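Here are my notes on this one, in the order I'd go through them with the model open. Have a look and see whether you read it the same way.

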Amino acid sequence: MDYESEEIFKKELLDCILPAILATLYQQGKVTENMDMNTLRKKISENVNEKFIGSLTTAVIISDQFKNAIIDEFQLGRCEVATSLTGVYIEQITNEFYQSILQNKHGFSLKNYNDCMKSITIEGKLTWLFQLSTSSEVDYGLIAKVKKIYSIRNKIVHYKPKTETFDDWNNNDSDVDRPDLDANELIHVLEELKSIYDKTLEKVFPSIGIGKELYKKLD
């Protein structure tokens, strides 16, 4: 990792963790919306330790790294790989979202949360589970694009080789559908879904939005 990439990584890491820290401190009554930058830094120093960090439920997802990798793979002509990476990112942000909603809002145990995530398809997570847990809906057009991405990803990840004759070797047609979304469209799907999750979480847990606003004072 070169210096520039390392600095970007550090910035994204801070952008992910510090708002969660401030949101938790706000919930605990240890910081307020009116505190200035120096006071907030002092409160973080006084209260954040190994035990505190271990209690955070936020997941660290470096979105720009995924986006750059998706673009790079498309530029190299490996659109199936780019689509697979998109599927991995969608799975991560979806599971992170439901960890917050199911455990913190609906009181699921870690075991029940894990069982739920393993037993429900991505379509189920974006339709009936989203509706039941948030009383909201995801646009079906977006769901259709996610299903297409997952269909291609699953054919690659769970690829089953077929037996061919010598005459078949000249046939280069692939059993895996070529993605009909380019890099920009894939990233748009990611950003649209991430935006829905973020706005929903801030609506359900107002402290998340407050944590982000407090973080701006430190930035």
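**Notes on the fold and a few local spots**

1. The chain has 11 helices and 0 strands. Reading from the N terminus, the order is simply α-α-α-α-α-α-α-α-α-α-α. Keep in mind that this is a predicted model.

2. On the overall numbers: the chain has 219 residues, of which 37% count as buried. If you take contacts between residues at least 6 apart in sequence, 71% of them join residues at least 24 apart.

3. Next, a helix pair. The axes of H9 (residues 140-157) and H10 (residues 183-204) come within 11 Å, crossing at roughly 125°. Angles over 145 degrees would count as roughly antiparallel and 65 to 115 as roughly perpendicular, so H9 and H10 end up oblique to each other. The handedness of the H9 and H10 crossing is left-handed.

4. What do H9 and H10 put into that contact? From H9 come Leu 142, Lys 145, Val 146 and Ile 149, and they meet Leu 186, Val 189, Glu 192, Leu 193 and Ile 196 of H10. Sorted by class, the contact of H9 with H10 has 7 nonpolar and 2 charged residues, with no polar ones.

5. H6 (residues 110-119) is worth a look for its two faces. Its buried residues are Tyr 113, Cys 116 and Met 117. These span an arc of only 95° around the axis, so they sit on the same side of H6. On the face turned away from that buried side you'll find the exposed residues Lys 111, Lys 118 and Ser 119. The cover over the buried residues of H6 includes H5, H7 (122-126) and H8.

6. Ser 135 has a phi near 60°, which is positive in a residue other than glycine. For context, most residues other than glycine have a negative phi. Where is Ser 135? Ser 135 lies in the loop between H8 (128-134) and H9. With a relative accessibility of 72%, Ser 135 counts as exposed.

Notes
Residues numbered from 1 in each chain as written. Predicted model: local features only at pLDDT ≥ 70, side-chain atom pairs only at ≥ 80, totals over all residues. Heavy atoms only, no water. Axes fitted to C-alpha atoms, helices over the stretch in contact; angles between N-to-C directions. Helix = DSSP H or I, 4+ residues; strand = E, 2+ residues; numbered from the N terminus. Parallel < 35°, antiparallel > 145°, perpendicular 65-115°, else oblique. Left-handed = near helix turned anticlockwise from the far one by under 90°. Contact = heavy atoms within 4.5 Å. Nonpolar A, V, L, I, M, F, W, Y, C, P; charged D, E, K, R; others polar. Buried < 20%, exposed > 50% of the residue type's maximum accessible area, 1.4 Å probe, protein only. Arc of directions from axis to C-beta.
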